[in-house]
Amino acid sequence: MINKSKNTLLIVCVLILACTLLCACGNRPNKNGSKRAEDGRSYGGVITGEVEDKMETVFFDFTVSDATRYDTHQFQDGLYQAEEGNTYLVVTISVTNTYDEDIAMSIADFTLDYKGNDSEDVITGYGKAEIGQDQFMDNIFTLKQDETITKSILYTVKNKKNYTLRYREYYEDDFKGDTFEVQLTPMKKDSQNTTTEENNTSENNTSESNTSENNTQE
């Protein structure tokens, strides 16, 4: 009886140790730093990517296809010049709903950051409401199940070489999941100068055409 009791106790201790080790290993961070909550949801990790990389969140997939800086940009109420030291950064994103239901979203889901940013305020962008152009993301919208959209967001930020676009998973019960970061090195354009050059070329051609017509009439 004594030996059986000792053996039983030993087996119980081994099982307890095994369960403890399994639980510890099950909650060990993966290569992205993600852990698993008791309900199986992932949290605490940072998944990084670059332009054209597909980022797979628990709710949707998204891909940044373009990032461009501008000195000027046309808003709904007129053309604006970026303040000295700042730039207008336009980021184009494709988003596909991979969840099992429609998702309520807004442009504030995608925030921007950069090295040296010492502000505590989160950098959010401007959408269709401010820009007045269909290619820009609605400020608040519903992404239907399996739906894909490709829209742009405009950010007013310090003029830097590199930026980080960030999305963090938030659940309805306030559970915070993983964070997804896309590194951006945007090209520089000035659409207003391009437009001006095109207009000047058009005006010059018109002037030359009028001169030619007048010479022909004479």
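Analyst: A salt bridge here is a side-chain nitrogen of Lys or Arg within 4 Å of a carboxyl oxygen of Asp or Glu. The model is predicted, and the values below are computed from it.

User: How far apart are N and O in the salt bridge of Arg41 and Asp39?

Analyst: Side chains of opposite charge can pair when their charged atoms come close. Asp39 is partly exposed, because its relative accessible area is 49%. The side chains of Arg41 and Asp39 form a salt bridge, with an N to O distance of 2.7 Å.

User: Asp173 and Arg41 also meet in a salt bridge. How many residues apart are the two?

Analyst: The N to O distance between the side chains of Asp173 and Arg41 is 2.9 Å. This pair links distant parts of the chain: Asp173 belongs to the loop between strand 13 (163-170) and strand 14 (176-184), and Arg41 to the loop between strand 1 (35-36) and strand 2 (42-43). Their separation in the chain is 132 residues.

User: Is Asp173 buried, partly exposed or exposed?

Analyst: A residue is buried under 20% relative accessible area and exposed over 50%, with partly exposed in between. The relative accessibility of Asp173 is 48%, so Asp173 counts as partly exposed.

User: Which residue forms a salt bridge with Lys128?

Analyst: Lys128 has a relative accessible area of 31% and is therefore partly exposed. The closest N and O atoms of the pair are 3.1 Å apart, and the partner is Asp134.

User: Which residues do salt bridges with shared partners join into one network?

Analyst: Arg41 pairs with Asp39, and Arg41 also pairs with Asp173. The structure holds seven salt bridges. Those that share partners join one network of Asp39, Arg41 and Asp173.

User: Glu169 has no salt bridge. Which side chain of opposite charge is nearest to Glu169, and how far away is it?

Analyst: Glu169 sits in strand 13 and is buried. A salt bridge would need a side-chain nitrogen of Lys or Arg within 4 Å of a carboxyl oxygen. The nearest side chain of opposite charge is that of Arg168, at 7.7 Å.

User: Which backbone nitrogens lie 2.8 Å and 2.9 Å from the side chain of Glu169?

Analyst: Polar contacts are pairs of N or O atoms within 3.5 Å. At 2.8 Å the side chain of Glu169 reaches the backbone nitrogen of Val58. At 2.9 Å from a polar atom of that side chain lies the backbone nitrogen of Asp178.

User: Ser152 has a polar contact with another side chain. Which residue is the partner?

Analyst: Ser152 is part of strand 12 (residues 148-158). Ser152 counts as buried because its relative accessibility is 7%. The contact of its side chain is 2.8 Å, and the partner is Thr92.

User: Which residues form the negative surface patch?

Analyst: One member, Glu101, is placed in the loop between strand 8 (86-97) and strand 9 (103-106). Glu101 is partly exposed, because its relative accessibility is 41%. Patch members have over 30% relative accessible area and no salt bridge. The patch consists of Asp100, Glu101, Asp102 and Glu172.

User: What is the phi of Glu52, and what is the phi of Asp146?

Analyst: Most residues other than glycine have a negative phi. Glu52 is in the loop between strand 3 (46-50) and strand 4 (54-56), and Glu52 is exposed, because its relative accessible area is 54%. Asp146 is in the loop between strand 11 (140-143) and strand 12, and Asp146 counts as exposed, because its relative accessibility is 60%. Both have a positive phi: about 80 degrees for Glu52 and near 70 degrees for Asp146.

User: What distance separates the C-alpha atoms of Glu50 and Thr185?

Analyst: Glu50 is located in strand 3 and counts as exposed, because its relative accessibility is 53%. Glu50 and Thr185 are 135 residues apart along the chain, and their C-alpha atoms are separated by 9.1 Å.

User: How far apart in space are Gly125 and Tyr88?

Analyst: Gly125 is in the loop between strand 10 (111-113) and helix 2 (128-131). Gly125 counts as buried, because its relative accessibility is 12%. Gly125 and Tyr88 are 37 residues apart in sequence, and the C-alpha to C-alpha distance is 9.9 Å.

Definitions and conventions. Residues are numbered from 1 along each chain as its sequence is written. Side-chain values use heavy atoms; hydrogens and water are left out. Patches are made of residues with over 30% relative accessible area and no salt bridge: like charges are joined within 9 Å, nonpolar side chains (Val, Leu, Ile, Met, Phe, Trp, Tyr) within 5 Å. Accessible areas come from the Shrake-Rupley method with a 1.4 Å probe; for residues, only the protein chains shown count as cover. Lys and Arg count as positive and Asp and Glu as negative; His and the chain ends are not counted. The place of a charge is taken as NZ of Lys, CZ of Arg, CG of Asp or CD of Glu. Helices (H or I, at least four residues) and strands (E, at least two) are DSSP runs, numbered from the N terminus. Buried means under 20% relative accessible area, exposed over 50%, partly exposed in between (1.4 Å probe, protein chains only). A polar contact is a pair of N or O atoms within 3.5 Å; within protein, one must be able to donate a hydrogen and the other to accept it, and residues adjacent in sequence count only if both atoms are side-chain atoms.
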